[in-house]
Amino acid sequence: MSLSLRIRLSAMMFLQYAIWGAWAPVLAAHLKGLGFTGCQIGWVYGVLWLSCIVAPFVGGQIADRWFPTQWFLAVVHLAGGFFLLYAAKQTGFRGMVTIMALYSLLYAPTLALTNSLAFHHLKDAEKQFGIIRVFGTIGWIVAGFALTFWRTQATKDGGAAVSGDTLLLAGWCSIAMGIFCCFLPHTPPKKQAENPWAFMEALQLLKDKNFAVFMGIAFVVTTELQFYYIPTAEFLEKGVGILQKNVPAVMTTAQIAEIIAMALFLPLLLPRIGMRKALAIGVIAWPLRYVVFALYKNVPYEVVVGSLTLHGIGYTFFFVVSQIYVNKVAPPDIRASAQALLTLITLGVGSFIGTQFTGVILDVFSTPEGRHWPTIFLIPCALTVACAVAFLIWFREPQSEAPSENAPAESEKSE
């Protein structure tokens, strides 16, 4: 892999996740400040997951059969940036959820397509993808610290934070990503494939029992992951006592752990322990974190903050390894659509149901005095433990790999 290609793929991942990292960890706290209920917050988050049910297959079909991936990414990121800037001005539920829904339809397919574009140009995905993907985590961290710095400067000398700052930052990151995509390596569609409908071919993968078990457990795990994304910022502020302006920076503890896990542990361990054990590590990390959250009154402050590292470990060893697994078992001419199928099952159906479930639980276990955090976090703890047990019983290590495409040759031509 040339230095130019490595830099461009790494920068792509950096900006892709800086956009998401600018708003996802703290938007719920902003919405609660506007007076939104738990269910309304769930819907604002949920529109992205609803979009992940439909949009990735459309994006995968376009990239696999009709249109170069880099140009599609450029168009949707530029348009998405302007929607985010407009969303920052919204103060009511109807306006906010409508604008975020339109934005999400543009952002959702990019989650699968940035992965498929990177896989297209890598010689050895199992060893190289983690090193490229880690820059997405760095982008998420930089966005968190940038937001904290912005809030610190705005509140200096008694000032007030800028309303909607989290969405404004995300919007400008999206516009920057759209411009940068024009310089990504050329990634053409496979116009000569036997079946013109790539997403139909991707669905055939579910006929394999091992793949179906993997997707089923990934679905359940993702529903419970929303108990981290939605209430953690509020939990750290209201429950643990961290200042609001410091919450974004504190939450990057998870991403710092993710960098270490992705750049160091994953390349070393994955070839040795295999995908089954690596995925199991990812599933087990989340209930451990939820236990610490539930016991926050009985453990030191440092332990609660330290438990955020388990999110980074869980994300790396489950979601990143999941993307590598799907790339390994999918035929070359449908890999964008196969990644889209993973996005649909996890970020789409799983995350949408998870946001609604989380919103209901937050409302049920809340009183005028505050939320009952132990009960809120023990519910996803029990479900993720069940997933870990089921995964170890029914999932088997993949025995074969789909034929690989001539990525190095195609990359050299595109250079």
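Glu237 is partly exposed, because its relative accessible area is 22%. The class lies between buried (under 20% relative accessible area) and exposed (over 50%), using a 1.4 Å probe and protein chains only. Lys238, at 58%, is therefore exposed. These two residues form a salt bridge, with the closest N and O atoms 3.8 Å apart. The term means a side-chain nitrogen of Lys or Arg within 4 Å of a carboxyl oxygen of Asp or Glu.

This is a predicted model: local features need pLDDT of at least 70, side-chain atom pairs count only at pLDDT 80 or more, and totals for chains, interfaces and linings use all residues. Residues are numbered from 1 along each chain as its sequence is written, and side-chain values use heavy atoms, leaving out hydrogens and water.

The structure holds four salt bridges, including these:

| Pair | N to O distance |
|---|---|
| Asp165 and Arg151 | 3.0 Å |
| Glu234 and Arg371 | 2.9 Å |
| Lys238 and Glu237 | 3.8 Å |

Asp165 and Arg151 are both buried. Glu234 and Arg371 are buried as well. The Glu234 pair links helix H10 (residues 232-240) to strand S2 (residues 370-371), 137 residues apart. Helices (H or I, at least four residues) and strands (E, at least two) are DSSP runs, numbered from the N terminus.

Glu224 sits in helix H9 (residues 209-229). Glu224 is buried but has no salt bridge; Arg289, the nearest side chain of opposite charge, is 9.3 Å away. Here Lys and Arg count as positive, Asp and Glu as negative; His and the chain ends are not counted.
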